[in-house]
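Please look through the sequence and structure before reading on.

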Amino acid sequence: MDGVLLIDKPAGKTSHDIVAAIRREHPPRTKVGHAGTLDPFATGLLLVTVGQATRAQRFFTGLPKAYETTARLGATSTTGDSEGEIAQTGRVPSLDGLPTGRVRQRPPAYSAVRMDGVRAYERARRGETVVTAEREVEVTRFDLLERDGDTARFAIECSSGTYVRSLIADLADAYCVQLRRTAIGPFSVEDADPARLMGLAEALGAVMAVVELDEDAARRAGHGQRLDGDATGTVLLVDPAGEPVAIAEGRDGALKPSVGFRAS
């Protein structure tokens with residue numbers, strides 16, 4: 001029961017809704033989580049972690065993301081999408097030189113960012129003035145795919161933590177009409193299948209190097225003991241059968257387990 005589900009989230013459902021539905025399909029006390037929230041109006045790829053995979057959730061959450069979004073030009077929205085209060089301004093932004101590289105942005109007021117322990121959207125819904133803290137994100141692709149009057153469609157690839165609604169709103173004046181996440185790291189929405197639980201070794205092996213251990217080393221790694229090894233960076237340690245034992249950090253000729261899955 002340990003692994004990752006690739007889900008194509010429909011519009012109108014929250015990421016929590018999807019997780020709750022999947023949790024009900026598994027035995028009681030099975031841990032279920034997700035690696036990156038999608039707004040309710042958005043569709044596309046959601047990685048749902050099940051069982052031991054929840055312990056490695058941060059390694060999926062931090063992966064870069066790819067999106068396709070349709071924007072309405074010459075208007076603004078209080079939420080950055082079609083669910084907010086719309087104001088027609090007639091000021092159509094220039095679509096030349098779309099921003100890429102390191103970009104500073106503020107998450108939308110209607111976002112799940114915590115401010116003093118409270119979600120920004122909760123404050124906004126109470127009528128409070130919400131000014132979120134600026135953050136720096138990386139945008140590696142921001143391409144105009146097509147333009148039809150006051151509607152434009154874009155392909156965006158960016159670092160984790162990037163708000164596409166903010167990227168579009170910062171064009172001034174524009175807001176998202178549709179938003180679809182097409183990929184998370186090496187995982188594509190085209191491969192989404194709610195009936196297939198991708199095994200933990202396969203899922204982690206797609207995002208980090210794999211180091212196979214002998215039985216003795218696997219047992220020691222499973223108990224958190226440091227091992228000798230030449231690998232560098234974050235690696236997945238597996239036993240001779242290919243089963244995950246731990247995630248380790250390789251440095252200075254040693255492998256130090258940081259996340260253990262089970263003793264072997």
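## Cysteines

Cys158 counts as buried, because its relative accessibility is 3%. In this predicted model, Cys176 is buried as well, with a relative accessible area of 0%.

How many disulfides does the structure hold? The number is 0. Cys158 takes part in no disulfide, and the nearest cysteine sulfur, that of Cys176, lies 11 Å away. Cys176 is likewise in no disulfide, its nearest cysteine sulfur being that of Cys158 at 11 Å.

## Overall build

The protein contains 6 helices and 19 strands. Along the principal axes, its C-alpha atoms fill a box of roughly 70 × 40 × 40 Å. Of the 264 residues, 46% are buried.

Among contacts with a separation of 6 or more, 66% are between residues 24 or more positions apart. The accessible surface is about 13,200 Å², and carbon and sulfur atoms account for 45% of that surface.

## Largest pocket

The largest pocket has a volume of about 1,000 Å³. Its lining consists of 35 residues, with Thr37, Leu38, Asp39, Ala112 and Tyr163 nearest the centre. Two or more lining residues come from each of α1 (15-24), α2 (57-61), β4 (65-73), α3 (120-125), α4 (164-169) and β12 (174-184).

Which element gives the most to this lining? It is α2, with 3 residues. By class, the lining of the largest pocket divides into 11 nonpolar, 14 polar and 10 charged residues.

## Second largest pocket

The second largest pocket holds about 220 Å³ of space. It is lined by 16 residues, and those nearest its centre are Arg106, Pro107, Pro108, Ala109 and Ser166.

Helix α4 supplies the largest share of this lining, 3 residues. The lining of the second largest pocket has 7 nonpolar, 6 polar and 3 charged residues.

## Cavity

Rolling a probe the size of a water molecule over the atoms shows where empty space is left. For this protein the count is 1 cavity of 30 Å³ or more. About 30 Å³ of space lies in the largest cavity.

Which residues line the largest cavity? They are Val4, Leu6, Asp191, Asp193, Arg196 and Met198. This lining has 3 nonpolar and 3 charged residues, with no polar ones.

Definitions and conventions. Residues are numbered from 1 along each chain as its sequence is written. This is a predicted model: local features need pLDDT of at least 70, side-chain atom pairs count only at pLDDT 80 or more; totals for chains, interfaces and linings use all residues. Side-chain values use heavy atoms; hydrogens and water are left out. A disulfide is a pair of cysteine sulfur atoms within 2.5 Å. Buried means under 20% relative accessible area, exposed over 50%, partly exposed in between (1.4 Å probe, protein chains only). On a 1 Å grid over the protein atoms alone, a cavity is a set of points where a 1.4 Å probe fits but cannot get out, and a pocket is an open set with protein on both sides within 12 Å along at least five of seven lines; lining residues have an atom within 4 Å of a point. Grid points are joined across faces, edges and corners, and a volume is the space filled by probe spheres set on the points. Ala, Val, Leu, Ile, Met, Phe, Trp, Tyr, Cys and Pro count as nonpolar, Asp, Glu, Lys and Arg as charged, and the others, Gly among them, as polar. Helices (H or I, at least four residues) and strands (E, at least two) are DSSP runs, numbered from the N terminus. Contact means heavy atoms within 4.5 Å. Accessible areas come from the Shrake-Rupley method with a 1.4 Å probe; for residues, only the protein chains shown count as cover.
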